[in-house]
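Please go through the model shown here with this report alongside.

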Amino acid sequence: MLVIALLLPVGLFAADKRNIPLELFLIIDGSAAFKNAKDTAVRWLNDRMVDGILQEGDSLTIWRAAETAEVIFSETLNGPGDKARIKRVLQSLKLQEGGANFAGPIRDATARAARIRNSRSMVYTLLVSASVTGGSPSLGGDAVGLLRFTRVEEFSGWRAMVIGLGLTPVVQQAATAYMQGNR
């Protein structure tokens with residue numbers, strides 16, 4: 001009995017292992033406005049996202065949002081060396097003068113999420129930006145609706161926004177089902 005009692009807590013504190021692959025879209029501010037917050041934000045991303053959430057079999061796409069946006073990393077994680085490479089990519093992020101183009105990467109992530117939506121993967125989109133103005137990242141035009149379902153976490157000089165891409169149909173279906181059930 002004593003042996004069983006001593007082994008029981010081991011099972012209780014064992015780490016949960018996710019068995020559904022994650023498709024992580026990371027859009028990071030590549031403008032000069034991000035200069036003072038970059039190191040702190042990259043440390044947070046490495047701790048929370050790279051070491052905390054990503055696991056083998058997950059896919060990661062990183063966009064640098066500067067005057068012109070570009071994909072700076074896009075791979076599926078196959079081993080422990082991949083996390084070290086991701087950290088190097090984030091630490092070596094080059095900032096450019098001018099504003100950050102978030103609309104292009106958000107539209108691209110939305111299109112990619114739509115293709116993945118019916119697969120066996122979870123989609124997670126994170127936008128990291130400087131918060132010098134105190135408002136949301138400027139998108140302009142029809143892209144504003146893409147930030148409709150977001151959760152913002154504010155830090156000193158920067159913010160992390162989890163964006164629920166492609167959720168409008170799901171929310172509308174849930175609202176319709178709820179309203180029909182309350183008649």
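## Helix α4 and its cover

The buried residues of α4 are covered by elements that include β1, β2, β4 and β6. Contact here means heavy atoms within 4.5 Å. Helices (H or I, at least four residues) and strands (E, at least two) are DSSP runs, numbered from the N terminus. The model is a predicted one: local features need pLDDT of at least 70, side-chain atom pairs count only at pLDDT 80 or more, and totals for chains, interfaces and linings use all residues. Residues are numbered from 1 along each chain as its sequence is written, and side-chain values use heavy atoms, with hydrogens and water left out.

Which residues of α4 are buried? They are A103, P105, I106, A109, A113 and I116. These residues lie on the same side of α4, because they cover an arc of only 160° around the axis. That arc is taken from the directions from the helix axis to the C-beta atoms. The face turned away from the buried side carries the exposed residues A114 and R115. Buried means under 20% relative accessible area, exposed over 50%, and partly exposed in between (1.4 Å probe, protein chains only).

The length of α4 fits its residue count. Helix α4 runs over residues 103-116, and its 14 residues should span 20 Å at 1.5 Å a residue. The end C-alpha atoms are 20 Å apart, which agrees. The expected span is 1.5 Å times one less than the number of residues.

## Strand pairing

Strand β4 (residues 122-130) runs parallel to β1 (residues 22-29), and seven bridges join them. I27 has L127 of β4 as its bridge partner. Two strands pair if DSSP finds at least two bridges between them.

β4 also pairs with β6 (residues 158-163), in the antiparallel sense and over six bridges. Here L126 stands opposite V162 in β6.

## Aromatic cluster

A search of the whole structure finds four aromatic pairs. One of them is F155 with W158, stacked at 4.1 Å centre to centre and 10° between the planes. Rings of Phe, Tyr and Trp (its six-membered ring) pair if their centres lie within 6.5 Å; planes under 30 degrees apart count as stacked, over 60 as edge-to-face and the rest as tilted.

W44, F155 and W158 form one aromatic cluster. Is W158 buried or exposed? W158 is buried, with a relative accessible area of 1%. F155 counts as partly exposed, at 24%.

## Two exposed loop residues

E56 sits in the loop between α2 (38-51) and β2 (59-65). E56 counts as exposed because its relative accessibility is 58%. Leaving aside residues up to four places away in sequence, E56 touches L77, N78 and G79. E56 and P80 are 24 residues apart in sequence, with 7.9 Å between their C-alpha atoms.

N78 lies in the loop between β3 (70-76) and α3 (80-91). N78 counts as exposed, at 58% relative accessibility. Its C-alpha is 8.3 Å from that of D58, 20 residues apart along the chain.

## The chain as a whole

The chain has five helices and six strands. From the N terminus on, the order is α-β-α-β-β-α-α-β-β-β-α. Buried residues make up 35% of the 183 residues. Among contacts between residues at least 6 apart in sequence, 75% join residues at least 24 apart.

The chain exposes about 10700 Å², and carbon and sulfur atoms supply 56% of it. Accessible areas come from the Shrake-Rupley method with a 1.4 Å probe; for residues, only the protein chains shown count as cover.
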